[in-house]
Amino acid sequence: MPPGGGGEVFFSCPVRKVLKPIQLTDPGKIKRIRGMAYSVRVSPQMANRIVDSARSILNKFIPDIYIYTDHMKGVNSGKSPGFGLSLVAETTNGTFLSAELASNPQGQGTAMLPEDLGRNCAKLLLEEIYRGGCVDSTNQSLALLLMTLGQQDVSKVLLGPLSPYTIEFLRHLKSFFQIMFKIETKPCGEELKGGDKVLMTCVGTGFSNLSKTLK
């Protein structure tokens, strides 16, 4: 947790020569919600309080909710105290919408109660579900980047309202790759619930991975 940190993220992924074009236009309906409430260098009860407050909001909408708790203490927990919650909603078509919230770093801003954090994170997830689309607002730019780098074929993805970050990112894609997206608005109605949706279409640049295995 900030500001002391002290953790390590180990990221590994397989090498792909090319990226396949995608057609993600039907997000489906929410079928389950999973989450992780974590706490370090604070009382183990903090995580349970976060779970109870988040469930108090989410239980009104769907029964299939499971939020795990993860408490770390001692050397393994890093250098700073704190707690947080990560929630992921999965749809019938296998798309994911996520929301995350963490406590303020020690000595910065006002202290946040775990109950408030749980409720606020649950509301953030409901906001993402209302915005809808096949990708949540945090990962819109990543999806558009992978579409840009895909094979020279048409890719389509249905997103919720574009975030300001995504709008600026589209300008960068135009500058770096000379890629222009076709943007069609899909107003909410009988088929699409929640906020207005945006159908993004582009033809990939045909980028391929040139890296060779080091011997």
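Strands β4 and β5 form a hairpin with four residues between them, and G94 in the turn has a positive phi of about 85°. Strands here are DSSP runs of E with at least two residues, helices are runs of H or I with at least four residues, and both are numbered from the N terminus. The model is predicted, so local features need pLDDT of at least 70 and side-chain atom pairs count only at pLDDT 80 or more, while totals for chains, interfaces and linings use all residues. Residues are numbered from 1 along each chain as its sequence is written, and side-chain values use heavy atoms, leaving out hydrogens and water.

E90 stands opposite F96 in β5. β4 also runs antiparallel to β2, joined to it by ten bridges, and I33 stands opposite A89 in β4. Eight of the ten residues of β4 are buried, where buried means under 20% relative accessible area, exposed over 50%, and partly exposed in between, with a 1.4 Å probe and protein chains only.

I33 is also among the residues with the most contacts inside the largest nonpolar core, which has 21 residues. Such a core is a set of buried Ala, Val, Leu, Ile, Met, Phe, Trp, Tyr and Cys residues joined through side-chain atoms within 4.5 Å. The elements giving it two or more residues are β2 (30-40), α1 (45-58), β3 (65-72), β4 (82-91) and α2 (114-131). The largest share, seven residues, comes from α1. Another core, of 17 residues, lies apart from this one and includes M147, V157, V198 and L199.

I67, listed with I33 among the residues with the most contacts in the largest core, touches G35, M36, A37, V51, A54, R55, L85 and L87, leaving aside residues up to four places away in sequence. Contact means heavy atoms within 4.5 Å.

Elsewhere, four strands make an open sheet in the order β1-β6-β8-β7, with mixed pairing. β1 (23-24) and β7 (182-186) stand at the edges with a single partner strand each, so one side of each is left without a neighbour in the sheet. β6 (residues 154-159) and β8 (residues 197-203) pair in the antiparallel sense over six bridges, and M200 in β8 is the bridge partner of V157. Helix α3 (residues 140-148) packs on the sheet and touches β6 and β8.

How values were computed: Two strands pair if DSSP finds at least two bridges between them. Axes are lines fitted to C-alpha atoms, for helices over the stretch in contact, and angles run from 0 to 180 degrees between N-to-C directions.
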